[in-house]
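Please look over the fold shown here.

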Amino acid sequence: MWCLVTVISVSNSVSDVAEGLTANRRTVAMFGGTFDPIHHAHLRLALELRDRLAFDQVLLLPCALPTHRESPGCSADQRLEMVRLAVGDEPKLQVDDRELLSDEPSYSYHSLLSLRQQLGDDVSLTMVMGADALLKLDSWYRWQELLELGHILVVSRPGWHLTGDHPLADWVDQHRVENFERIQNSAAGGVYIQQLPGLDISATAIRQLIEGGSSPRYLLPDPVFDWIKQNHLYTGETQSKTGAETSNNDG
Ligand code: ATP
């Protein structure tokens, strides 16, 4: 159960985020993930953020493989194709392939930097992650500089929570913003916690179902499941890998 809201002190609005507050900024969310494969929790989360928090754009950004994660069961190109199939013609979501196109080792820091350079200094840019990802944030490449480039939005995830004794609790407390308008009206620097209806779906469980010969249907979009079947993914046989899979990503 997600309980960050209750275990972290709420007396911590971030005054320096308030500096440079400007109404009517463009708001862009970057939602990175391995998406191995993309599933309905990813998609609902992205759509809910777009609608509830009125982001102008929500970008789904498949990540190059982090070193601290297992090898994916398929190539970067295949993960990207599944994200494209999942989004389909949904106008509220967009796919961003910048991390997989790079020949360099790719980290979330670089993706955020690249987006900031593309969008300019005024846009409110927010990196989205689930509660499980937040708990490992301090292992990410240049993680403390992420807030210089954008905001961080943490979404509740069933089974994951940050307790007050976690090494990141004080850092979250220090940067946390209670009012989302502060995120909308500033370019970077805040951590915002968003509770969403929980969908207890994981890509790991989907891969395990397929490998075990069971159906993951209804946990992910049918076009994605059909494509997985056509390409015999996650069956336990060795899958081909692209160059992007060997990059030294660590968040
Ligand atoms: P795996 O099981 O392989 O670790 P996953 O289901 O966690 O995969 P990722 O692609 O690693 O999927 O996740 C991308 C982002 O989506 C991460 O920030 C993760 O925290 C978040 N996320 C994934 N599933 C959920 C969920 N059910 N609820 C909330 N957030 C989620």
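The text below covers these topics in turn.

This is a predicted model: local features need pLDDT of at least 70, side-chain atom pairs count only at pLDDT 80 or more, and totals for chains, interfaces and linings use all residues. Residues are numbered from 1 along each chain as its sequence is written, and side-chain values use heavy atoms, with hydrogens and water left out.

**The sheet**

Six strands form an open sheet in the order β3-β2-β1-β4-β5-β6, with parallel pairing. β3 and β6 (191–194) stand at the edges with a single partner strand each, so one side of each lacks a neighbour in the sheet. Helices (H or I, at least four residues) and strands (E, at least two) are DSSP runs, numbered from the N terminus. Two strands pair if DSSP finds at least two bridges between them. Strand β4 (residues 124–130) runs parallel to β5, and five bridges join them. Gly-130 has Val-155 in β5 as its bridge partner. Helix α3 packs on the sheet, where it touches β1, β2, β4, β5 and β6. Its direction makes about 155 degrees with that of β2; axes are lines fitted to C-alpha atoms, for helices over the stretch in contact, and angles run from 0 to 180 degrees between N-to-C directions.

**Helix α4**

Helix α4 (residues 76–87) has twelve residues. Its buried residues (under 20% relative accessible area, 1.4 Å probe, protein chains only) include Leu-80, Met-82 and Val-83. The buried residues of α4 pack against β1, α3, β2, β3, α5 and α12.

**The cores**

A nonpolar core is a set of buried Ala, Val, Leu, Ile, Met, Phe, Trp, Tyr and Cys residues joined through side-chain atoms within 4.5 Å. The largest has 38 residues, and Met-82 is among those with the most contacts inside it. α3 gives the most to this core, with six residues. Contacts of Met-82 (heavy atoms within 4.5 Å), leaving aside neighbours within four places in sequence, include Ile-38, Trp-227 and Tyr-234. A second, separate core of 31 residues includes Leu-59 and Ile-193.

**His-151**

His-151 lies in strand β5 (residues 151–155). It counts as buried because its relative accessibility is 0%. Its side chain makes the polar contacts below (N or O atoms within 3.5 Å; within protein, one must be able to donate a hydrogen and the other to accept it, and residues adjacent in sequence count only if both atoms are side-chain atoms).

| Side chain | Backbone nitrogen | Distance |
|---|---|---|
| His-151 | Gly-189 | 3.4 Å |
| His-151 | Gly-190 | 3.0 Å |

Note on methods. The expected span of a helix is 1.5 Å times one less than its number of residues. Buried means under 20% relative accessible area, exposed over 50%, partly exposed in between (1.4 Å probe, protein chains only).
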